[in-house]
Amino acid sequence: MKKFKTALIIILAIALVIAIILLFGGRKKEQVVINGYAMGSVTTFKYFEDKAFDLSAANELENLISNKIDNSEISKLNENLTAELSDITKEILEYSLKVAKKSDGAFDITLGKLTDIWESSALENIVPSENILKSLLKDTGYKKLKIKKNTATIEDGMKIDLGAVGKGAACDVIINAARENGIKSGIVTVGGSVGAFGKNPNNNKGWTIGIRNPDMEIDDQTLMNILIKDGFVSTSGNYEKYYEIDGVKYHHILDPDTGFPSDAGLKQVTVICDNGGLSDALSTACFVLGYEKSKELLDYYDAGGIFVTESDKIFIIGEGFEVLDK
Amino acid sequence: MLLRIKDSAKTVAVGGILSAVAIVLSYLESLIPPLAFLPVGAKLGLSNISLLFSAQTFGFPVTLAICIIKSGFVFLVRGASAGFISLCGGLIATIIMVLLSKIADKKDISVIGISVVAAVGHNFGQYIAASVLAGSNLFIAYAPALIIYGVIFGIITGIIAKVIIPKIKPLVK
Amino acid sequence: MKRKDFVIIAVLILAALVLLSINKTRKEAVFCEILEYGEIVRTYDLSALSDDEIIVVNDVEILISRNGCQVNQSDCPDKICINSGKISRVGEFIYCAPNGVLVRLSGESEADAVAY
């Protein structure tokens with residue numbers, strides 16, 4: 001009888017210990033989250049080690065490439081038509097130009113003056129006239145931006161605007177800085193651009209990225225969740241930023257041919273690839289190109305894409321990510 | 001094995017002592033800094049030892065009185081809401097202790113078993129009271145923990161009770 | 001020393017295990033609701049929070065941030081609310097009984113980050 005009792009006690013004790021372990025089992029690995037502001041957006045970096053880190057890399061980049069900061073290299077370029085570039089600025093300009101070329105000009109970082117006119121006209125509740133747009137378009141064109149060694153030159157009347165790449169590029173520099181600091185894994189968001197690297201301690205399979213539903217009205221804000229290993233995700237959509245003039249919405253992604261908000265039948269494009277600035281640039285390019293014409297471009301860059309059309313049809317192409325069941 | 005209460009004055013006196021013991025034990029417990037992994041309200045429950053003794057020795061009326069006095073003390077020191085929560089937990093524990101004590105012999109249950117069920121009941125009673133006050137179901141994430149900590153602490157206090165009660169009972173007779 | 005106690009304890013542990021398996025989600029919460037005496041006075045979408053926010057309800061100072069909520073200050077005698085620390089998961093709550101203030105979390109987020 002005594003042996004039986006002892007056995008019972010031991011079994012119960014084990015059961016209790018299992019229960020306690022399960023109680024604590026769901027605990028996620030301790031994480032460090034640092035928040036900040038860069039490229040005009042909320043920036044967050046989440047990692048899982050006891051190491052100090054900050055988001056200064058993103059702010060340093062902003063000081064180099066933002067045309068809203070007076071002394072940035074891009075502002076100086078816009079002001080003086082020529083400027084000396086740091087390596088990082090040069091790199092960003094170069095891959096931006098390459099995307100411009102590969103997308104047949106659908107992506108163009110030289111539309112700064114057009115963005116400005118839309119902004120100022122919207123304040124007066126006026127749609128910019130075709131004439132104004134045409135005359136401003138004359139001074140745009142990615143081919144007119146020349147880079148030799150570390151010097152960039154543009155033509156008079158042109159304004160470089162890296163707004164379409166900035167957030168993705170900020171993701172790149174933050175992750176690079178994290179790696180240099182010996183951080184093994186983490187996930188960064190700059191506005192809506194996301195970058196992740198290393199092994200996710202909370203999920204062996206990778207990082208779960210939620211894609212915001214382009215329809216802002218509905219309650220369920222997630223369009224879908226995707227799973228990536230190392231990579232960057234950027235989204236371009238007609239809902240992010242728009243001008244409301246006379247009750248009509250004009251979104252902010254301009255067609256470099258017309259100067260008007262692009263109209264390729266899409267509400268949203270999400271691009272997944274191995275570089276942040278690139279994913280940002282490509283999502284803009286694809287939004288302007290429309291679904292059919294984007295296929296070749298994404299294929300060239302080995303990038304994946306998720307397209308949501310005006311009629312709410314969804315197209316998914318490319319590899320390197322997995323769509324998760326809801 | 002309920003004592004036939006022959007001497008009501010003695011009962012009151014002992015009841016008073018038990019209440020004081022319960023209050024002191026509860027106060028001592030509150031001095032222990034809260035541990036991070038314990039859900040709010042999961043206490044060691046040392047004061048239950050006092051209630052257990054009363055449930056085994058005197059039955060419902062005295063045990064109820066001790067419970068109310070203890071909650072009254074909480075009410076005075078920590079406020080109405082805390083008093084209400086303490087009362088609800090204590091009432092459920094009291095009812096469980098008294099009922100189980102009556103059938104303990106027939107059903108082959110010892111003080112430890114009673115203590116465990118009372119501890120779990122006490123935890124749930126407190127959370128029910130808090131849920132009513134707060135206007136929200138607070139159990140969702142905590143129910144398993146309430147049971148498990150109730151079992152663990154119930155065993156501990158039960159063992160202490162099992163050792164102490166037989167030693168004190170004869171003094172009371 | 002024990003007798004049918006074993007059965008009682010076994011049943012309770014079993015119940016706890018069942019409950020644990022039902023509610024396996026210990027995910028980071030998306031919504032934080034603040035109630036005062038049972039009435040919701042404020043709801044926050046934690047994923048959309050750009051900056052930490054501080055809200056004071058009935059003399060209870062609550063800090064709301066992207067990765068959780070906590071009570072910084074309170075005039076209650078117990079300070080249980082403050083000692084509850086930071087909560088970040090679905091179902092967790094901080095309750096200051098004397099002041100009737102409840103901070104509760106709900107709505108899980110599957111995602112590690114959201115692209116938009």
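Which residues of H5(A) are buried? Keep that in mind while you set up the view.

**Before you start**

This is a predicted model: local features need pLDDT of at least 70, side-chain atom pairs count only at pLDDT 80 or more, and totals for chains, interfaces and linings use all residues. Residues are numbered from 1 along each chain as its sequence is written, while chains are lettered from A and ligands numbered from 1 in the order in which they are written.

**Stop 1: chain A**

Select chain A. It holds nine helices and 16 strands. Helices (H or I, at least four residues) and strands (E, at least two) are DSSP runs, numbered from the N terminus. Of its 326 residues, 43% count as buried. Buried means that 20 or more other C-beta atoms lie within 10 Å of the residue's own; exposed means 12 or fewer, and partly exposed is in between, with C-beta atoms placed from the backbone.

Now look at contacts. Two residues are in contact if their C-beta atoms, placed from the backbone, lie within 7 Å. Take the contacts in chain A between residues at least 6 apart in sequence: 60% of them join residues at least 24 apart.

**Stop 2: helix H5 of chain A**

Select residues 112–123 of chain A. This is helix H5, with 12 residues. From first C-alpha to last, H5(A) reaches 17 Å, close to the 16 Å expected at 1.5 Å a residue. The expected span is 1.5 Å times one less than the number of residues.

Back to the opening question. The buried residues are A:Gly112, A:Lys113, A:Leu114 and A:Trp118. Show what they pack against: helix H3 (73–80), helix H6 (130–137) and strand S11 (242–245) of chain A. Then step just past H5(A) to A:Asn125, which takes a positive phi of about 60 degrees.

**Stop 3: chain B and its side towards chain C**

Colour chain B by pLDDT, the predictor's confidence in each residue, from 0 to 100. The mean for chain B is 90, and 95% of its residues reach 70 or more.

Next, show chains B and C together. Here 30 residues of chain B are in contact with 31 residues of chain C. On the chain B side, the elements that give two or more residues are helix H4 (80–107), helix H5 (111–134) and helix H6 (143–172). Which element gives the most to this side? H5(B) does, with eight residues.

Colour this side by class. There are 21 nonpolar, six polar and three charged residues. Ala, Val, Leu, Ile, Met, Phe, Trp, Tyr, Cys and Pro count as nonpolar, Asp, Glu, Lys and Arg as charged, and the others, Gly among them, as polar.

**Stop 4: C:Lys2**

Zoom to C:Lys2, in the segment before helix H1 (5–22) of chain C. Is it buried or exposed? C:Lys2 counts as buried because it has 23 C-beta neighbours inside 10 Å. Not counting residues up to four places away in sequence, C:Lys2 touches B:Ser110, B:Ile112 and B:Gly113.

**Stop 5: a sheet in chain C**

Of its 116 residues, 41% are buried.

Select S3, S4 and S5. They form an open sheet in the order S3-S4-S5, with antiparallel pairing. Strands pair if DSSP finds at least two bridges between them. S3 (53–57) and S5 (68–74) stand at the edges with a single partner strand each, so one side of each is left without a neighbour in the sheet. Finish on S3(C) and S4(C) (residues 60–65), which pair over five bridges. There, C:Ile54 stands opposite C:Leu63 in S4(C).
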